[in-house]
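Trainee: Please take one part of this structure and go through it closely, with its neighbours and its surroundings.

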Amino acid sequence: MQNMNSPTVILLFAIVSTVTAQNIDTLEPIVRSVNSLDAYGYFGFSVVLHRVGEGSSTFSEYLQNTRIIVSAPNGTATNAEVENTGVLFVCPVAQGTCEPLTGNNNGFDRRLYDVEDNAGRDQKDNQFLGVSMDSQDNMFIVCAHRFIDRGSSGNSRNPLGKCFYTENRELEDFQEFHPCRGRSSGVGDFGVCQAGSSVALADEGDGNIAIGVGAPGSYSWRGIIFRQSSSGELDEMDEGQ
């Protein structure tokens, strides 16, 4: 019997045939869950599919090469230094259990949860990691819109938001995407940026992927969208663009 105290995600998959007809299974959905509701708050807040394999000639291979990434934005990683950072879970599609993405403890993977490199500046408790996520080809991105930047002095408290992305299919070697840090921190500018409230990856062609991040708190809550191309060029897009 399903443990009713366990946070659960119910997924309804659309299987698309070569003639584009669709069959959505509502009678036997795939169910994925974790054991502790207290430790992994809001499990299922965001869900994306991510491919860990490059080729899938059959549906069976597609299932084996695909993972369900589920966020729990109010959870705490078991080996994290900070509480309530948010936790990501990697779940198989075919069969198996969901496992927390804990990183390799040697680089940006741990910076999803910990602050060892910017302990006086980065505040990651209640950062809401997993509020938004996306996956495109080999790239995956996840954002924490409540991430706090305390400034170089450690005395400020600016909810700038931050995202982490990787071009490694195995979800390792994350890089930071922090479009609001280093900009004017006034409320009328980027002081309450909350970058990452929404995020999307877009195919630019030839295997290049652009990042689009919503920052609704920018410019006195007028909001803008940051767009970073595959070449690294960062643009601001507002309602006039």
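Mentor: Two strands count as paired if DSSP finds at least two bridges between them, and strands are themselves DSSP runs (E, at least two residues; helices are H or I, at least four), numbered from the N terminus. The model is predicted, so local features need pLDDT of at least 70 and side-chain atom pairs count only at pLDDT 80 or more, while totals for chains, interfaces and linings use all residues. Residues are numbered from 1 along each chain as its sequence is written, and side-chain values use heavy atoms, with hydrogens and water left out.

The part to examine is β7, residues 87–92, which belongs to an open, antiparallel sheet of four strands in the order β5-β6-β7-β8. At the edges stand β5 (47–51) and β8 (99–100), each with a single partner strand, so one side of each has no neighbour in the sheet.

On one flank, β7 pairs with β6 (residues 66–72) in the antiparallel sense over six bridges, and Phe-89 is the bridge partner of Val-70 there. On the other flank, β7 and β8 pair, also antiparallel, over two bridges, with Pro-100 as the bridge partner of Phe-89. These two strands form a hairpin with six residues between them, and Gly-96 in the turn has a positive phi of about 120 degrees.

As for burial (buried is under 20% relative accessible area, exposed over 50%, partly exposed in between, with a 1.4 Å probe and protein chains only), six of the six residues of β7 are buried, so the strand is largely enclosed by the rest of the structure. Both faces are covered, with Val-87, Phe-89 and Cys-91 buried on one side and Leu-88, Val-90 and Pro-92 buried on the other.
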